[in-house]
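Me: I have a protein structure to look at and would like to learn how to read it. Could you go through it with me, one question at a time?

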Amino acid sequence: MNKNKVIFCCSIHIVKLLTQILLFHLFLDLCTQYYLKMALVTLQKEVIICLGSSCFARGNKQMVQLIKKFLEEHNLSGKVNFKGKHCFGNCENGPSIMIDQKRYEHINAESILEILENELL
Ligand code: FES
C-alpha cells in the first residue's frame, strides 16, 4: 500500500468520525433542549377556567379579568399557564376553575382571590 493511499484512507475515517461526533452533539443538544422545555412546563402551575356557557354566564367572564389582573400584579404571567376550556361537565357546581388538577367550585370574586393566593403565592 503506498503512502498516499494510507493518508487518503485515514482522512476519510477522520472525516467520518468527526461527522459522527458532530451529529452526536447535535442529538444531545436537541435532547437537552427538549427535556429542559418539558421540565419548565412541568414546573409551571396550571390554572384552567371553565368557559362553558353556564360558568361563563354565572361569573367566569369576570373571573378571567380578575385572574389576569392577579397574575400581572404578582408577576406570575410567565410562570403560570392560564387557559380556558369548555364545560368541565359539572355545571350545577359552577362557576368552576382548576388549579393543577384540583377543582374549585362555586367560585366568586372574593373566593377566587383567596384561592389564587393560597395556590400561587
Ligand atoms: S359550564 Fe362550567 S362546568 Fe359546565
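This is a predicted model: local features need pLDDT of at least 70, side-chain atom pairs count only at pLDDT 80 or more; totals for chains, interfaces and linings use all residues.

**Walking through the model**

Me: Where is Gln 101 found, and what is its phi?
Reply: Gln 101 sits in the loop between E3 and E4. Its phi is positive, although the residue is not a glycine. The value is near 75°.

Me: What about Asp 100: is this residue buried or exposed?
Reply: Asp 100 also has its place in the loop between E3 and E4, and has a positive phi of about 50° without being a glycine. Around Asp 100 there are 11 other C-beta atoms within 10 Å. The limit for exposed is 12 or fewer, so with 11 Asp 100 is exposed.

Me: Which strands are the edge strands of the sheet?
Reply: The open sheet has four strands in the order E2-E1-E3-E4, with mixed pairing. An edge strand here pairs on one side only. That leaves the two ends of the order: strand E2 (80–85) and strand E4 (102–104).

Me: At what angle does helix H2 run to E1?
Reply: Helix H2 covers residues 53–73. The helix lies across E1, E2 and E3. Its angle to E1 is about 150°.

Me: Which element supplies the largest share of the largest nonpolar core?
Reply: This core has twelve residues, among them Val 47, Met 63 and Phe 88. E1, H2 and helix H3 (109–120) each supply at least two of its residues. The largest share, four residues, comes from H2.

Me: Which residues join through a cis peptide bond?
Reply: Look in the loop between E2 and E3, where Pro 95 lies. The bond has an omega of about 0°. The two residues are Gly 94 and Pro 95.

Me: How far apart do the C-alpha centres of domain 1 and domain 2 lie?
Reply: The domain assignment gives domain 1 as 1–43 and domain 2 as 45–120. Their C-alpha centres are apart by 47 Å.

Note on methods. Residues are numbered from 1 along each chain as its sequence is written. Two strands pair if DSSP finds at least two bridges between them. Two residues are in contact if their C-beta atoms, placed from the backbone, lie within 7 Å. Axes are lines fitted to C-alpha atoms, for helices over the stretch in contact, and angles run from 0 to 180 degrees between N-to-C directions. A nonpolar core is a set of buried Ala, Val, Leu, Ile, Met, Phe, Trp, Tyr and Cys residues joined through C-beta atoms within 7 Å. A residue is buried if 20 or more other C-beta atoms lie within 10 Å of its own, exposed if 12 or fewer, and partly exposed in between; C-beta atoms are placed from the backbone. Domain bounds come from an automatic or database domain assignment.
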